[in-house]
Amino acid sequence: MAQIATSAHITYAGWRDLRDLAAIQRASFRRDLAYKWWMLAFFWLMPGITFLVTRDGDRATGSIIADVDRGRLRIMNIAVHPDYRQQGIGTELMNAVLDKYPQLSAVLMVQEHNTAAQSMYARMGFVRTGTMDSYYGTGNTGIEMTLKRS
Ligand SMILES: CC(C)(COP(=O)(O)OP(=O)(O)OC[C@H]1O[C@@H](n2cnc3c(N)ncnc32)[C@H](O)[C@@H]1OP(=O)(O)O)[C@@H](O)C(=O)NCCC(=O)NCCS
């Protein structure tokens, strides 16, 4: 398994983390957008997916799911437990996957109103590269953000 060059409390997600992570999804996203336990299990089992987790003791506090799509690192999902936000965990998770693929540019989608996430991405060097109307359902625009590296 590839090394993750980051602080000790980030590791690859384990099967036992999935219950905590499904709860974080429910606390973080609109009901229809939150990944259910079985969806997380699917990502966990799929080859080619990087699925990292942060923990506080035995409790999972955040996760990031990414893959490589058409030569770019695609950030599919990132979420931090509400009790653990604004402590640098989201940034650490993102840096961990970026460090795993240092040669690749990265791309993600974010809801137009999600200014907290957009602010984190902008702080890390992501720039807005597109919009998709109703990407998150009728009237909910998706913003594409890209971190160019090469
Ligand atoms: C987006 C998210 C992952 C950020 O995680 P986090 O651990 O709180 O982020 P960090 O502590 O690393 O914050 C880094 C930067 O993000 C921005 N940020 C984070 N939370 C913010 C908030 N509530 N309001 C404004 N800016 C915020 C700030 O620029 C912050 O830098 P600063 O601390 O120097 O001000 C977290 O808020 C979350 O899980 N949100 C719900 C799920 C979600 O929206 N995921 C993204 C979907 S695209």
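This is a predicted model: local features need pLDDT of at least 70, side-chain atom pairs count only at pLDDT 80 or more; totals for chains, interfaces and linings use all residues.

**Entry 1: the ligand shell**

I looked up what sits around the ligand and got 18 residues, with Arg85, Gly90, Thr91, Ala116 and Met120 as the closest. The elements giving two or more residues to this shell are β4 (72-80), α3 (89-100) and α4 (115-123). Which element gives the most? That is α4, with 5 residues. By the classes above, the shell splits into 8 nonpolar, 8 polar and 2 charged residues. I also checked the shell against the domains: domain 1 (1-65 + 79-102) and domain 2 (105-150) each supply at least three residues.

**Entry 2: the two domains**

The protein is divided into domain 1 (1-65 + 79-102) and domain 2 (105-150). I took their centres over C-alpha atoms and found them 19 Å apart. How many residues are in contact across the two domains? I have 5 residues of domain 1 touching 4 residues of domain 2. On the domain 1 side, those residues are 3 nonpolar and 2 polar, with no charged ones.

**Entry 3: overall fold**

I noted 4 helices and 7 strands. Reading from the N terminus, I wrote the order as β-α-α-β-β-β-α-β-α-β-β. The radius of gyration is 15 Å, close to the 15 Å the globule rule gives for 150 residues, so the protein is as compact as a globular protein of that length. Along the principal axes, the C-alpha trace spans about 40 × 35 × 30 Å. For burial, 29% of the 150 residues count as buried. I then looked at contacts with a separation of 6 or more: residues 24 or more positions apart account for 53% of them.

**Entry 4: helix α3**

I ran the length check: at 1.5 Å a residue, its 12 residues should span 16 Å, and the end C-alpha atoms are 17 Å apart, which agrees. Which residues of α3 are buried? My list reads Ile89, Gly90, Leu93, Met94, Ala96, Val97 and Leu98. Gly90 is also among the residues closest to the ligand. The buried residues of α3 pack against β1 (10-12), β2 (50-56), β3 (59-69), β4, β5 (106-111) and α4.

**Entry 5: positive phi**

Next I went through the backbone angles. Most residues other than glycine have a negative phi. Gln86 has a positive phi of about 55 degrees although it is not a glycine. I found Gln86 in the loop between β4 and α3. Is Gln86 buried or exposed? It is exposed, because its 10 other C-beta atoms within 10 Å fall under the "12 or fewer" cut-off.

Ser134 is another entry here: its phi is near 55 degrees, a positive value in a residue other than glycine. Ser134 lies in the loop between β6 and β7. I counted 10 C-beta neighbours inside 10 Å, so Ser134 counts as exposed.

Thr141 is in the loop between β6 (127-132) and β7 (142-147). With 14 C-beta neighbours inside 10 Å, Thr141 counts as partly exposed. What does Thr141 touch, not counting residues up to four places away in sequence? I got Glu112, Thr131, Met132, Asp133 and Tyr135. For a distance check I picked Asn95: Thr141 and Asn95 are 46 residues apart in sequence and 26 Å apart in space, C-alpha to C-alpha.

Arg128 is in strand β6. It counts as partly exposed, with 13 C-beta neighbours inside 10 Å. Leaving aside neighbours within four places in sequence, I have Arg128 in contact with Ile143 and Met145. My distance check for Arg128 used Lys36: 92 residues apart in sequence and 28 Å apart in space, C-alpha to C-alpha.

Definitions and conventions:
Residues are numbered from 1 along each chain as its sequence is written. A residue is near a molecule or strand if its C-beta atom, placed from the backbone, lies within 6 Å of it. Ala, Val, Leu, Ile, Met, Phe, Trp, Tyr, Cys and Pro count as nonpolar, Asp, Glu, Lys and Arg as charged, and the others, Gly among them, as polar. Domain bounds come from an automatic or database domain assignment. Two residues are in contact if their C-beta atoms, placed from the backbone, lie within 7 Å. The expected span of a helix is 1.5 Å times one less than its number of residues. A residue is buried if 20 or more other C-beta atoms lie within 10 Å of its own, exposed if 12 or fewer, and partly exposed in between; C-beta atoms are placed from the backbone. The radius of gyration is taken over C-alpha atoms; the globule rule is 2.2 Å times the number of residues to the power 0.38.
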